[in-house]
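The sequence and structure come first.

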Amino acid sequence: LRNVVSRHGRYTRAYSHGAASNAFITQHTAELDGISTQAVRGPLEGRKIAVKDNICTAGYDTTCASSTLAGFRSPLDSTVVRLLREAGALIQGKTNMDEFGMGSHSINSAHGPVVNQGGDGKLYSAGGSSGGSAMAVTTDQSWAALGTDTGGSIRLPAAFTGTFGFKPSYGLISRNGVVAYANSLDTVGILANSTHKIQQTFSAISKFDHKDPTSVTPSTRKNILKVTPNLRMLGRPLRIGIPGEYNIEELDQDVRHAWVELLETLQDHNISISAVSIPSTKYALSTYYVLAPAEASSNLARYDGIRYGTRPEGSDMNAGTLFSRTRDISFGEEVKRRILLGTYTLSSEAMDNYFMQSQRVRRLVQRDFNRVFQTRNVLEEGSVGTEDGVDLLLCPTAPCSAPELAAVEAQTPVEGYTTDVFTVPASLAGLPAISIPLKQRDSKSSIGMQLIGQYGTDSLVLEASGLLE
Ligand code: GLN
């Protein structure tokens with residue numbers, strides 16, 4: 001474990017895991033009374049909700065688990081935190097994560113890794129990057145937790161810790177006050193140990209916000225209500241599609257088994273199951289790993305020691321030296337790698353081959369999804385939906401169950417990226433998706449299965465998740 005810690009380089013505080021999962025970076029203290037424990041009447045009254053450390057929360061530091069933001073405190077709440085407080089929730093603390101959301105195991109943190117101790121005493125990955133939020137929920141410290149999901153960061157931790165993790169349709173929850181990783185992909189979502197809690201939280205925070213230019217407008221929200229069905233309105237058995245492209249060779253036997261077993265159970269319950277094809281799936285992962293770092297490299301330019309970021313000692317520096325020293329001392333390895341990758345794919349000699357090409361593939365992924373769903377895509381003019389299309393897709397959240405921390409630490413970066421192979425397609429298309437935990441017989445571990453819906457069918461996704469629970 002010490003190796004895991006030292007790989008990141010610089011830590012702002014000594015890390016000791018003890019009994020703890022290292023889920024929180026900051027926890028509520030008496031000093032914060034008044035800010036976060038005022039009793040407000042509302043649907044979430046008295047509910048303890050943990051907030052990922054990349055979501056601005058007045059009274060708390062917001063560090064994105066990066067040394068560069070050590071001690072940074074936003075004077076304002078993000079819109080989503082304000083809505084939680086207005087609904088009566090108690091903000092319980094800020095959760096540990098991969099630095100700026102970059103990672104799949106919550107080990108790239110300036111505060112040391114999140115630890116997911118199994119029933120067998122071994123240390124497993126909590127998934128990432130919202131691993132702290134997932135552990136806060138699975139250890140019952142929190143009633144629910146906010147996470148962010150750019151390419152799987154809510155769903156993967158949910159799958160690895162046996163919790164429910166919901167990524168809504170892009171734009172439904174405001175990103176105002178949420179530190180940007182890759183704007184066109186970033187979503188805020190919810191982790192909890194039941195679908196019902198997610199539904200309650202979601203209805204409190206899924207609101208139009210004029211402070212977020214990508215927030216779904218009231219008129220589109222109305223349209224969504226008109227166009228998207230709920231289970232009762234369907235008036236026929238739910239249709240679930242199984243995308244053949246997700247049945248990859250690298251899929252763990254246990255995961256494949258759990259998938260097949262679940263499908264058999266669903267068939268017994270009058271749910272119609274059919275095979276569908278999303279041919280572009282195989283390009284989704286590489287597309288994501290071009291687009292996300294490209295957007296990140298641009299977003300992270302603000303951590304230059306002047307606008308934001310920990311400034312190095314000494315005053316005898318020109319601007320160039322100041323920028324590079326700031327970044328050198330306060331970004332972790334993975335963040336530096338992403339900046340280099342993004343800067344390269346946006347450079348004039350590589351732009352056409354990488355960035356532009358990836359934007360095209362992203363459109364293909366979106367088109368493939370539109371072709372399999374019965375419901376039309378409300379964001380696309382002229383989209384009509386596919387008459388005999390499915391309502392939802394069902395596939396594993398990850399190709400494996402939670403790996404041991406030591407194994408993850410030994411992975412190359414690219415091996416790490418492959419964990420996201422099943423979560424990035426829904427992110428590229430902006431679709432709602434939930435990871436549902438399936439308890440494994442004869443074992444304490446669980447495997448995550450993912451339900452994906454057409455854009456805007458968030459309620460249906462949640463309703464169906466409740467059925468599977
Ligand atoms: N693992 C992916 C990445 O590192 C997804 C992270 C996320 O969703 N924030 O980019």
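## Backbone features

Ser106 has 38 C-beta neighbours inside 10 Å, so Ser106 counts as buried. The cut-offs are 20 or more other C-beta atoms within 10 Å for buried, 12 or fewer for exposed, and in between for partly exposed, with C-beta atoms placed from the backbone. The model is predicted: local features need pLDDT of at least 70 and side-chain atom pairs count only at pLDDT 80 or more, while totals for chains, interfaces and linings use all residues. Residue numbers start from 1 along each chain as its sequence is written.

Ser106 sits in the loop between strand 3 (90-95) and strand 4 (116-117). Helices (H or I, at least four residues) and strands (E, at least two) are DSSP runs numbered from the N terminus. Although Ser106 is not a glycine, its phi is positive, about 55 degrees. Asp140, in the loop between helix 3 and strand 6 (144-149), also has a positive phi without being glycine, near 65 degrees. Most residues other than glycine have a negative phi, and most peptide bonds are trans. The peptide bond that joins Gly128 and Ser129 is cis, with omega about 10 degrees. Ser129 belongs to the loop between strand 5 (123-124) and helix 3 (131-138).

| Residue | C-beta neighbours inside 10 Å | Class |
|---|---|---|
| Ser106 | 38 C-beta neighbours | buried |
| Val372 | 19 C-beta neighbours | partly exposed |
| Asp140 | 8 C-beta neighbours | exposed |

## Helix packing

Val372 is part of helix 12 (residues 352-372). Apart from neighbours within four places in sequence, Val372 is in contact (C-beta atoms, placed from the backbone, within 7 Å) with Gly241, Val276, Ile278, Thr386, Gly389 and Val390. Between Val372 and Pro243 the C-alpha to C-alpha distance is 9.5 Å, at a sequence separation of 129 residues.

How do helix 9 and helix 11 cross? The axes of helix 9 (residues 281-299) and helix 11 (residues 333-345) come within 7 Å and cross at roughly 100 degrees. The two helices are therefore roughly perpendicular to each other, a term for angles of 65 to 115 degrees; under 35 degrees is roughly parallel, over 145 roughly antiparallel, and the rest oblique. Axes are lines fitted to C-alpha atoms, for helices over the stretch in contact, and angles run from 0 to 180 degrees between N-to-C directions. On the helix 9 side, Val290, Pro293, Ala294, Ala296 and Ser297 meet Arg338, Ile339, Leu341, Gly342, Thr343 and Thr345 of helix 11.

In helix 16 (residues 458-468), the residues Asp458, Ser459, Leu460, Val461, Leu462, Ala464 and Ser465 are buried. The buried residues of helix 16 pack against strand 7 (164-167), helix 5 (195-205), strand 11 (392-396), strand 12 (433-439) and strand 13 (446-453).

## Ligand and overall fold

Around the ligand there are 14 residues, of which Gly101, Ser104, Thr150, Gly151 and Ser153 come nearest; a residue is near if its C-beta atom, placed from the backbone, lies within 6 Å.

The protein comprises 16 helices and 13 strands. The C-alpha trace spans about 70 × 55 × 50 Å along its principal axes. Buried residues account for 51% of the 469 residues. Of the contacts with a separation of 6 or more, 75% are between residues 24 or more positions apart.

Notes. Two residues are in contact if their C-beta atoms, placed from the backbone, lie within 7 Å.
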